[in-house]
Amino acid sequence: MEENSAVKMPPFNFGDPQLWFIMAEATFQLAIPKPITASATKYNYCVAHLSPEAAAIVRDVITCPDKDDPYKQLKEELIKRCGESKSQEIRCLLAGEQLGDRKPTDLLRVMQRRAENHQISDTLLLELFLQQLPKNVQSILLAISPLNAAKAAEIADRIMEVTPPEVSKISSSNSCEKVNNASQSELLEEIKALRKEVASLRRSRSADRRPRNNSRKGRSTLAYISSPRASETASRAFEPVLLALKANMGAFEQN
């Protein structure tokens, strides 16, 4: 009985294991002197040509193969498990689309065009599409059943036509208001602190004008800082800062 010569298997295609098995089966048909049909033989060829990453995914199948039809078991499990990874990859690809200034139906057409070369269910496409819509539109669509991607896009168009643009900007407006309030509070605190500094300098200036014994002992840099000339200079220096802060406060109040 003649033995089959070794066949040249195609490199494993992790992105499309179903296609890889079709190519492998075509290779089995070209074996010489006759096609390879035994399940165990096909199983051994496939296992020997799996990449380490793919082999790890079906490790349980490889360590404990089916006794009756190991090739069929390996094929089914490898397609199913690698298919899940492929679905995640497509999910990341399509989730990158943003609505922007487009209509929801325009966005859906772009996503459908990207998905046309992949086996993507309408359920997955609908889920990815809803994620790109405003929260208020999502809430309405989630209450509708049954719902598919095309119907969701049409309803979303009508919702966004009658919904004021301000509705989708409420959250961002609230955030800006919080920032403005925080900035106003900070400016008020700075103005209070500067007023205290100026008042303290003025009190020092008034005290320096009173008659007192001038002793050279103990004179230091601190005595110079509290001198009338220094306090007057510091007071003038703070006045533009106060004016600028008051101007900023006026701008915040107008906003």
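In the predicted model, Glu77 is located in helix H5, which spans residues 70-94; helices here are DSSP runs of H or I with at least four residues, strands are runs of E with at least two, and both are numbered from the N terminus. Glu77 is buried, with a relative accessible area of 18%, where buried denotes under 20% relative accessible area, exposed over 50% and partly exposed the range in between, for a 1.4 Å probe and protein chains only. When its neighbours within four places in sequence are left aside, Glu77 is in contact with Val58 and Val61, a contact being defined by heavy atoms within 4.5 Å.

The model is a predicted one, in which local features require pLDDT of at least 70 and side-chain atom pairs count only at pLDDT 80 or more, whereas totals for chains, interfaces and linings use all residues. Residues are numbered from 1 along each chain as its sequence is written, and side-chain values use heavy atoms, with hydrogens and water left out.

With regard to overall composition, the protein contains 13 helices and zero strands. Of its 255 residues, 28% are buried. Among the contacts with a separation of 6 or more, 61% are accounted for by residues 24 or more positions apart.

Helix packing was examined by means of axes, which are lines fitted to C-alpha atoms, for helices over the stretch in contact, with angles running from 0 to 180 degrees between N-to-C directions. Helix H1 (residues 17-29) and helix H2 (residues 39-48) have axes that come within 11 Å and cross at roughly 125°. H1 and H2 are therefore oblique to each other, given that angles under 35 degrees count as roughly parallel, over 145 as roughly antiparallel, 65 to 115 as roughly perpendicular and the rest as oblique. The crossing of H1 and H2 is right-handed, a term that applies if the near helix is turned clockwise from the far one by less than a right angle, and left-handed if anticlockwise. Trp20, Phe21 and Phe28 of H1 meet Lys42, Tyr45 and Cys46 of H2 in this contact, whose residues comprise five nonpolar, no polar and one charged; Ala, Val, Leu, Ile, Met, Phe, Trp, Tyr, Cys and Pro count as nonpolar, Asp, Glu, Lys and Arg as charged, and the others, Gly among them, as polar. Tyr45, in helix H2, is buried with a relative accessible area of 17%, and its C-alpha atom is separated by 9.5 Å from that of Lys8, 37 residues apart along the chain.

Helix H6 (residues 104-115) packs against H9 (residues 149-162) at an angle of about 150°, with the axes 8 Å apart, which makes H6 roughly antiparallel to H9. This contact involves Pro104, Thr105 and Leu108 of H6 together with Ala149, Ala150, Ala153, Glu154, Ala156, Asp157 and Met160 of H9, and its residues are seven nonpolar, one polar and two charged.
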